[in-house]
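Here is a short note on the structure, in numbered points. Please read the points against the model shown below.

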Amino acid sequence: MSEISVLSEAGRDLVVEDDAFPSDPEADPPREELERHVQTLEVASDVELDLARLHEAVERALGVFDTGRQEQRTSLDSALAPVFHQCLDVPTRVASHIGFWQYLALFEFSHLIDARWGGRDGIDVEEKYLGTQKDLYSNHVARLWWGAELTFDGDDYLATHRLFERQRLVNYVLDSSFRRYRPAAIAFAETLWTEQSSTIDAVASRFNDSLSTIQLETRSRTEVRNQLEKIREHVG
Amino acid sequence: MPANTRRASAADESMPYRYDDGVDLGVTGFSFDGGEAGSPDYDDRVLPLHEYGPWEVVEIDVSVTLDPSVARVFPDDEGPPFPAEPVVVVDCEETQTRYAVSVGDDHPPVELETFETTVELERDLFRGTVRLTPRLVRTEPCASGLPYAPNEGMRVAGGGGWTVRVDDPPEDHDGFPFVYRDFSQESMPPVELAHSLSRHPEEKMMINDQHEGIVDVMQSGLTSGFRPNLKRFLKADFGVMLWVQLVLWTGTTVAETGTTEFDWQAGVVQELATHEFGDHLFDSDADYDTVERELGRRVDDPSELRDFVGDLFEAAQLYTEYGRQLERFVDREAP
């Protein structure tokens, strides 16, 4: 039996209705008011959160990567996603609580989210703190963790690194329904991580079309890769 | 075909090749952690795991039956046995988990018969609802071309699935049963779960924490917006139900024994005697003893009870401002 902290729906509303945060870059999350809306949830699963190591890794990464440049922001994600996955050792049953990710985003990693997403035109920063469980690319902490969860292979995070190196790729995979079949998510990252957005879009569109007849869950990672490579040759 | 399965007979016309709906998934039983067995809901094809105690692993015994009609999705020279494999697809949207479980050991090729296997689900990996869906999938390319599925990996037949409920679905809550507790009990819910259903802050009623969504609404600290508006309406709604119960229970006790039995019942009589709540039911000048006596009389007399219940509902609605809160909610939250 373990305990996790989760933000309640009312807490989420407080953030939505806050006049300053996060639209004002100088404003912090209204943590004092939010404290009343943090619930402690007992979960039957074993949960281990190594927040000290995670904070250390985040500070180190923020010192290395220049978040003013797009390619370095994606590299920041690529570097941190495996660390978030390792340090937040929770089963998927626990990870399916969006309030868990909202709590971490607002109370532990708001400075990371501000550095990664703040002040960018066309970015809905609020969803990077809140998000929903259906949109895995929205809440930033959930995005990093789930991106790694769906693409790691034992102790190997190579596909995770590749997935996060291209923002178009990670957004597409996390927005797809095939993400739930891990060999497909890994094959997608392995095959398309060097491609331009236009190629990723074209391959993804044809791959999705094929899923109306292919029973994806019976295909191995290699078979999915072969299929994606054939599609890439065709659209190229 | 096992008696516990059902299937549709219509072919899937959305597929670009021959497809058959003759794959049936049956559940023969399930058990928790190698011990206690559960009972499937055969009518709705549901495994209500949430109705059982804590568990870590559930083993679900399933059968997959391939109807003779499935033969039409293969060219005549391909079988039986046919180059295909029956599987059960396990899919849980909430925990982002999807995979296939092979059915039987010796496939492909496959005969059109019934196969049995066990699907094992680890609780830590699932939440909410898990879907189990049977499929028959080609394992070799088909040289005959259309109307037959040309490629391996294509599903050529399927059928109705089963729903595994790992957690209690929120829409299945059966109302808000009231529980009466002594305020001095240590097991009382914490103070943050106490919500005033009276217009007077010293009298509190509890919304229990079995309904997290409702508690969350009741804890909303805002003054405007959907949740605060819903909170005001819910307080009035719960308040009417609760006051009717409390007054009738108190009245019954007074009718039976001549006086109240518990402190909370004395509190109800006091509320009726000193606030406008009681004005709709008794003389507005009536003191505590008069209200207590009249309450017992009106509840005890069958000819009075029908009118009294009507008056009581009206009084509770007026007292909780039920109509005003409902109108306000509709006015502010209507699309």
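1. Aromatic pairs come first. Over all chains, the structure holds 23 of them. Rings of Phe, Tyr and Trp (its six-membered ring) pair if their centres lie within 6.5 Å; planes under 30 degrees apart are stacked, over 60 edge-to-face, and the rest tilted.

2. This is a predicted model: local features need pLDDT of at least 70, side-chain atom pairs count only at pLDDT 80 or more, and totals for chains, interfaces and linings use all residues. Residues are numbered from 1 along each chain as its sequence is written, chains are lettered from A and ligands numbered from 1 in the order in which they are written, and side-chain values use heavy atoms, with hydrogens and water left out.

3. Take W145(A) and W146(A). Their ring centres are 5.0 Å apart and their planes stand at 85°, so the pair is edge-to-face. W145(A) is buried, at a relative accessible area of 1%. W146(A) is buried too, at 0%. Buried means under 20% relative accessible area, exposed over 50%, and partly exposed in between (1.4 Å probe, protein chains only).

4. F178(A) and F188(A) make a tilted pair, 4.9 Å centre to centre with 40° between the planes. F178(A) lies in the loop between α11 (167–175) and α12 (182–192) of chain A, and F188(A) in helix α12 of chain A, so the pair ties together parts 10 residues apart in sequence. Both phenylalanines are buried. Helices (H or I, at least four residues) and strands (E, at least two) are DSSP runs, numbered from the N terminus.

5. Now the interface. Chain A gives 37 residues to the contact and chain B gives 37 residues; contact means heavy atoms within 4.5 Å. The two chains bury about 3100 Å² between them, 42% of it on carbon and sulfur atoms. Buried area is the accessible area (1.4 Å probe) that two parts lose on being put together, summed over both.

6. Five salt bridges cross the interface of chain A and chain B. The criterion is a side-chain nitrogen of Lys or Arg within 4 Å of a carboxyl oxygen of Asp or Glu. R180(A) forms a salt bridge with D91(B), their closest N and O atoms being 2.7 Å apart.

7. Which elements give two or more residues to the side of chain A that touches chain B? They are α1 (9–17), β2 (38–43), α5 (92–95) and α9 (140–151) of chain A. The largest share, five residues, comes from α1(A).
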